[in-house]
Amino acid sequence: MKLLIIIPAYNEEQIIGQVLKLLPRKIRGINKLDRIVIDDGSTDKTAEIARENNTKVLSHMINRGLGGALGTGLEYARINSFDIAVTFDADGQHNPSDIKKVIQPILKNKADIVIGSRLKNKKGMPWYRVLGNFLLNIITYIFFGLWSTDTQSGLRAFSHKAIEKIQIETNRMEVSSEIINKIKKNRLKYAEAPIQTIYTSYSLKKGQKNSNGIAILAKLILEKILN
Amino acid sequence: MWEIFTPIRIIFLLFALFVLSRIWVRFRNNVIGMTGLISWSIIWISIIVLIFIPGKADFIAQKLGVAKGTDAFFALAIIILLYSVYRIYVKIDTIEKEITKIVRKNALKDFKSK
């Protein structure tokens, strides 16, 4: 099984070196493990540092947003025939040992897409984030018919079938809604795995996933209307 | 006879004439073609004509069942504006997606054959 870890990054020079060093080099059930950083138009040394850490870098000439970066990562996975692709945040929010957790359902052929859910394990998450996420998840269910406890999570695993079928079209944070929509549209099997979030002041600043709640909501609505 | 030149009409007239001059300049500079020149000129000349026909908006308003000519005008203007905004939004969205396609293709070009 060939696995690709996709790390979308925008101006993460302060922490990306560390994140890359801590990524697993071996995973049970995987015989070829590769990683790639999608440098989304960073203006700092993100790409350089990634290369210094023996990691391939795909560079966007200008910033496109998370959706744009994920789309490029998945396209790379598709071109190079990877069996599994896992997206992983560059800001140190994710625990590397959760990677093997999210791929389990895929290895067992029970799912095509696995989202690492931070809400199954609420320890340490600020209350306003828990509430915000919950409301978004209800709306997601109403719009797309899929119940997910954490639609905004950046730790996602894609099976070969999902890599083939899901072509990311949105650019920014609304990619989370697009993925949910496409799971249903392509009748892919969905599973979740509990993951840990590491909340440092750095990662809280960077992951404004809730302060943009209104924007995400608007984009959920738009995804529903336009697709 | 000069009563038809109320202040608001003079303002609209001057503005319309300004726009017509801009249309002409654009045509001269090859920014818009002959079709552009003709169609936009017709639109703005019609606006000038309409500005000066007394009471025509009230007539249309009566037909449409709206209170006054100005109300009909505003209602129509708002609808047209809303639709234009929607079209602009869709266009921008399309452009953003196309930009991403270019940027992605460029990013992947060194990695086509691993």
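Among contacts in chain B (heavy atoms within 4.5 Å) between residues at least 6 apart in sequence, 46% join residues at least 24 apart. This is a predicted model, in which local features need pLDDT of at least 70 and side-chain atom pairs count only at pLDDT 80 or more, while totals for chains, interfaces and linings use all residues. Residues are numbered from 1 along each chain as its sequence is written, and side-chain values use heavy atoms, with hydrogens and water left out.

**Chain B**

- The secondary structure of chain B comes to four helices and zero strands, where helices (H or I, at least four residues) and strands (E, at least two) are DSSP runs numbered from the N terminus.
- Of the 114 residues in chain B, 19% are buried, a word that stands for under 20% relative accessible area, with exposed meaning over 50% and partly exposed in between (1.4 Å probe, protein chains only).
- B:Phe5, which lies in the segment before helix H1 (7-28) of chain B, counts as partly exposed because its relative accessibility is 32%.

**Interface of chain B and chain A**

- The size of an interface is often given as the accessible area lost when the parts come together.
- About 1700 Å² is buried between chain B and chain A, and carbon and sulfur atoms give 61% of this area, which is the accessible area (1.4 Å probe) that the two parts lose on being put together, summed over both.
- The contact takes 23 residues from chain A and 13 residues from chain B.
- One salt bridge (a side-chain nitrogen of Lys or Arg within 4 Å of a carboxyl oxygen of Asp or Glu) is found across the interface, and B:Glu96 forms a salt bridge with A:Arg64, with the closest N and O atoms 2.8 Å apart.

Conventions: Chains lettered and ligands numbered in written order.
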